[in-house]
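Morning, everyone. I have one structure to go through today, so please look at it on the screen.

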Amino acid sequence: MIGQTTQVDDLRLVALPSAVNCAEMFVRFALAEWSLRSLIPEATRIMRHLVSASVQQSGAGTPKFITVRLRLHGDALVLELDDDLHGEPPELPGAQINAVTLPGSRRNMWSELPLPTGMSAAAVPLPQRAPSRAAQPAPVEYPPEQPRVDADSQILQRVLYGLNRTNGRG
């Protein structure tokens with residue numbers, strides 16, 4: 001396995017029940033952008049489980065922040081969740097979930113899914129922007145420059161004085 005992350009994307013959420021659906025949409029979108037649609041069902045199952053467990057453990061009193069992250073690393077997709085909780089990671093049949101305590105009393109949980117056969121993280125294409133369909137703007141034509149006129153400072157003072165008097169009458 002190559003020891004280098006080639007692509008990463010993350011999302012920070014408040015640990016509320018709505019975070020479960022938001023995390024699922026994030027995983028679906030990122031994997032579609034990375035052309036890894038075949039991993040979507042298993043990746044969303046694991047991420048939903050991690051986020052649900054973190055939300056349930058954090059309690060509704062004062063919800064904390066969680067960060068969900070997807071990384072392409074060597075020949076695997078790494079699904080991660082960072083939270084402010086302690087303890088063992090939640091068990092999920094058919095998935096290996098690991099956890100480590102980070103500085104600042106944070107926990108990082110992760111699970112790895114192998115990339116499709118013959119694919120490595122370096123071979124996963126970066127998302128491409130679609131060509132712009134907007135018409136190219138016409139070049140701006142500026143009028144020819146006017147000759148510079150030196151204004152008399154006394155005239156300008158009188159104009160400013162008149163404007164100020166008008167504004168003061170309101």
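Ile155, Val159, Leu160 and Leu163 form a nonpolar patch on the surface, together exposing about 360 Å² of accessible area. A patch here takes residues with over 30% relative accessible area and no salt bridge, joining like charges within 9 Å and nonpolar side chains (Val, Leu, Ile, Met, Phe, Trp, Tyr) within 5 Å. A salt bridge is a side-chain nitrogen of Lys or Arg within 4 Å of a carboxyl oxygen of Asp or Glu. Areas come from the Shrake-Rupley method with a 1.4 Å probe, and for residues only the protein chains shown count as cover.

The model is predicted: local features need pLDDT of at least 70, side-chain atom pairs count only at pLDDT 80 or more, and totals for chains, interfaces and linings use all residues. Residues are numbered from 1 along each chain as its sequence is written, and side-chain values use heavy atoms, leaving out hydrogens and water.

Val159, from the patch, sits in helix H3, residues 153–169. Helices (H or I, at least four residues) and strands (E, at least two) are DSSP runs, numbered from the N terminus.

Is Val159 buried or partly exposed? Val159 is partly exposed, because its relative accessible area is 45%; buried means under 20%, exposed over 50%, partly exposed in between (1.4 Å probe, protein chains only).

Now Ser111, in strand E5, residues 106–114. Ser111 has a relative accessible area of 1%, so Ser111 is buried. Beyond four places away in sequence, Ser111 touches several residues, including Ile46, Leu77 and Gln96, where contact means heavy atoms within 4.5 Å.

For the chain, buried residues make up 32% of its 170 residues.
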